[in-house]
Amino acid sequence: METQKCIEELYTALQDLDAETMISCYHPEATFKDPVFELSSKKEIAGMWTMLCKRAKEFEFHFDQVWADEEKGKARLKAKYLFSQTNRMVHNNINARFKFKDGLIIEHIDSFNFWRWSRQALGFPGILLGWTSFFQKKVQRQAYKNMKAYIPRD
């Protein structure tokens, strides 16, 4: 199936830290959402993947349980990396869901336990506050601000 190959291409490119190939898997009207990012354009998605690929340190990524039909798909992901802001190791388990249009990803939603992630990535502040919506919104604002520097210019 074409859409399943799209997911596999996306994540094989992530293993290779190849943001350009990843971006090519998204429809021009694509959106992305996870506990850290809520992106409403392909340009923002391009900025996020470019930033994450360029900043990646001690990065390991695995994916399996890929499934897709013409309209939707899913995959299970495991990421291990050094979080650049704190130099702390993170092991993140992610469930990805997709919707497709014209054989490309139009909606990408990743879910993971934000509190678990924040405890690993941010240490004590994450342990203490990672479960609060206030703290999550603060992390989201900072991540978006950091990502904006990587949005491609026309």
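Trainee: Which residues have the most contacts inside the largest nonpolar core?
Mentor: In soluble globular proteins, nonpolar side chains tend to be buried together. In this predicted model, the largest nonpolar core has 46 residues, and Tyr11, Phe37, Trp49 and Trp117 have the most contacts inside it. A nonpolar core is a set of buried Ala, Val, Leu, Ile, Met, Phe, Trp, Tyr and Cys residues joined through side-chain atoms within 4.5 Å. Buried means under 20% relative accessible area, exposed over 50%, partly exposed in between (1.4 Å probe, protein chains only).

Trainee: What is tryptophan 49 in contact with?
Mentor: Contact means heavy atoms within 4.5 Å. Neighbours within four places in sequence aside, tryptophan 49 touches Leu14, Ala19, Met22, Tyr26, Phe32 and His108.

Trainee: What is the strand order in the open sheet?
Mentor: Strands of a sheet pair through backbone hydrogen bonds, either parallel or antiparallel. Here six strands run E2-E1-E6-E5-E4-E3, with mixed pairing. Strands E2 (38–39) and E3 (60–68) are the edges, each pairing on one side only. Strands are DSSP runs (E, at least two residues), numbered from the N terminus; two of them pair if DSSP finds at least two bridges between them.

Trainee: How many bridges join E3 to E4?
Mentor: Seven, and the two strands run antiparallel. Phenylalanine 61 stands opposite alanine 79 in E4.

Trainee: Is glutamine 65 buried or exposed?
Mentor: Glutamine 65 counts as exposed because its relative accessibility is 53%. This residue of strand E3 has a positive phi, near 50 degrees.

Trainee: What limits apply to the model and numbering?
Mentor: Local features need pLDDT of at least 70 and side-chain atom pairs 80 or more, while totals for chains, interfaces and linings use all residues. Residues are numbered from 1 along each chain as its sequence is written, and side-chain values use heavy atoms, leaving out hydrogens and water.

Definitions and conventions: Helices (H or I, at least four residues) and strands (E, at least two) are DSSP runs, numbered from the N terminus.
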